[in-house]
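Thank you for making time this morning. I would like to walk through one model with you, moving from single residues to the whole chain, and I will give the cut-offs as the terms come up.

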Amino acid sequence: MDLFKSSKVEEEWLLPEESRKHLSEHFEKMRYDVHFEVFTSKDMNPDFNEYAVRFLRDLSRLGGKISFDQYELDSDKARERGVDASPTLLVNPDEYDIRFQGAPLGEEGQSFITAIMLVSLRQSGLSEDSRGILAELDQPRSVDVFVSPTCPYCPGQVISAIKCAIEKPGLVSARCIETGENEALARKHNVGGVPLTVVNDGEHRMDGLFPEERFVAELVTLQDASELMARHDHSHDHAEEVDLVIVGAGPAGLTAGIYAERAGLSAVVLEKGIVGGQVALTPNVENYPGFPSVPGMQLMDIMSQHAREYVNVHESESVEEIKIGRNIEVLTDRRTYLCKSVILTTGAVYRKLGIPGEDEFYGNGVSFCASCDGYIYKGRKVAVVGGGNTALTDALHLAKLGADVTVIHRRDTFRAQKALVESLEEQAIPVVWNTVVEEVVGEDGQVTTLKLRNVLDDATDEMAVDGVFVAVGQEPGNALAQMIGLNMDGGGFVKVDGRMRTSIPRVYAAGDITGGLQQIVTAIAEGSIAAMSAFEDMSSPYWKQS
């Protein structure tokens, strides 16, 4: 939920009434006082300073256990705390080294509220396995997580850092750094994509969102986590028994979970990343019935909250193997599930251009997620490669953020919906037609130039850019389908019948993994059909588990 979306409220309040009500109920669970120190300077990020102070004032009025003091950036207190940026918010600084460098806008509101609750409870919230790994740490770690307000992956990484700082006060410090408000620091660490985690001022880097245990392992070892993770491997000796395992927590998976549990099946939804899949990364959804215009992450928050009322949804739990026998075994990086049926809703992944420089500069100017990284390129030159709905949605989103956008398309017409094409024309966003990107070129670890080729006459050209967003379609996330030998079409999508049954009994598939019309409403319909097919098949007197 976006707690900070503007609306007409009483002048003295920053937060909308609905958010105030939600937070008031949330803060009733607080146990101990939480005190902030906020540092500001009128010469640095003045608008964000005002937001930070007003936000804290609202929180202090909503939660009786929340208080704050405000200091100038050139004060003795700032020097004592080692604060040199405005705004900076410190959480219980006499106990922990947890700070937000930049106003906690947008998605980062989630990690900010989570920090308040964890500090109030005086509990880190780390899993038992994570605590065991972190117990091996005996040297200081400073953790900087670079974020943007529109990145749905960022809060998860920040929360992992905060948990470690609470678990190991005195050894671990956690800092959430808003990239746009701290451009010099972002340039120092070559931040081209978020979340980016920098440990001990560059001694180790983590690109993207990591599962909690891997985050902790790399924090401890300052290297690839595989060796330490092996020593803390999860036991698969005792399997958890359920009727149905659903792999993937996008619209199809969440819907399948709701329908399965309502039908009386015991089910679990497993998601290796964040709940919401590709929809969570969509800046704005305009074709979902009942929501004329809604951010993708907000829509998936609503779906997720609904689904969790019925079914257990496990984030950051990756399925590593599926074994088909009398029962079906689903092995994850955490445990083993013994079930009767499986529904694959593993969606699709971004298709790459497959050109030189694309992998080399990924996260340093090459991006596949405008929602995640777009904010970084405010006032900078970027290109969007593609001509479908995603490409035009990304271009419009980037333009709205203040980036200088050009679309590069290999054809002479768009494949996107008419409404998106018209919006692009209204915004006067330039398009380079009949052109492909041949190479991404950079300097000092950052993208600087795109090498282009016209497909009609083979003429070459170069375009100076600070970043490039690739939106040329998707490929099915079919690794598990291949592993168990499901029948697939020529594009790698799983073949299903009208009831979402695959070529292997007791295995079903739904959503983007099945190809066809890859839309939210389609995925939801297929998810419900798959769950009901599983229920009906299990209820049949002819049901066989072999």
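This is a predicted model: local features need pLDDT of at least 70, side-chain atom pairs count only at pLDDT 80 or more; totals for chains, interfaces and linings use all residues.

Let me begin with a question: in which loop does Leu-73 lie? Leu-73 lies in the loop that runs between strand β2 (66-72) and helix α3, where helices (H or I, at least four residues) and strands (E, at least two) are DSSP runs numbered from the N terminus.

Residues are numbered from 1 along each chain as its sequence is written, and side-chain values use heavy atoms, with hydrogens and water left out.

Coming back to Leu-73, is this residue buried or exposed? Leu-73 is buried, since its relative accessible area is 17%, and here buried means under 20% relative accessible area, exposed means over 50%, and partly exposed is in between, with a 1.4 Å probe and protein chains only. If we set aside residues up to four places away in sequence, Leu-73 touches a list of residues that includes Phe-39, Thr-40, Met-44, Ala-78 and Val-83, a contact being heavy atoms within 4.5 Å. Tyr-32 is 41 residues from Leu-73 along the chain, and the C-alpha atoms of the two are separated by 28 Å.

In helix α3 itself we find Glu-80, which is exposed, with a relative accessible area of 54%. Glu-80 and Ser-111 are 31 residues apart in sequence, and from C-alpha to C-alpha they are 25 Å apart in space.

Two prolines deserve a look at the backbone. Ser-86 and Pro-87 are joined by a cis peptide bond, with omega about -5°, and Pro-87 sits in the loop between α3 (76-81) and β3 (88-91). A cis peptide bond also joins Val-194 to Pro-195, again with omega about -5°, and Pro-195 is in the loop between α7 (183-188) and β7 (196-199).

Asn-434, with phi near 50°, is placed in the loop between β21 (431-432) and β22 (435-443), and it is buried at a relative accessible area of 15%. Asp-444 has a phi of about 55° and belongs to the loop between β22 and β23 (446-454), but Asp-444 counts as exposed, at 66% relative accessibility.

Which residues does Lys-272 contact, once its neighbours within four places in sequence are left aside? They are Ser-316, Glu-317 and Ser-318. Lys-272 is located in the loop between β11 (267-271) and α11 (296-308), and at 62% relative accessibility it counts as exposed. Glu-212 is 60 residues from Lys-272 in sequence, and their C-alpha atoms are 11 Å apart.

Ile-504, in the loop between α15 (479-484) and β27 (507-509), counts as buried at 16% relative accessibility. With neighbours within four places left aside, Ile-504 is in contact with Ile-324, Ile-484, Gly-485 and Leu-486.

Not counting residues up to four places away in sequence, Phe-112 touches Phe-36, Phe-55, Leu-56, Leu-59, Leu-89, Phe-100 and Pro-104.

Finally, the protein as a whole. Its secondary structure comes to 16 helices and 27 strands. The radius of gyration is 24 Å, close to the 24 Å that the globule rule gives for 546 residues, so the protein is as compact as a globular protein of that length; the radius is taken over C-alpha atoms, and the rule is 2.2 Å times the number of residues to the power 0.38. Buried residues make up 54% of the 546 residues, and among contacts between residues at least 6 apart in sequence, 66% join residues at least 24 apart.
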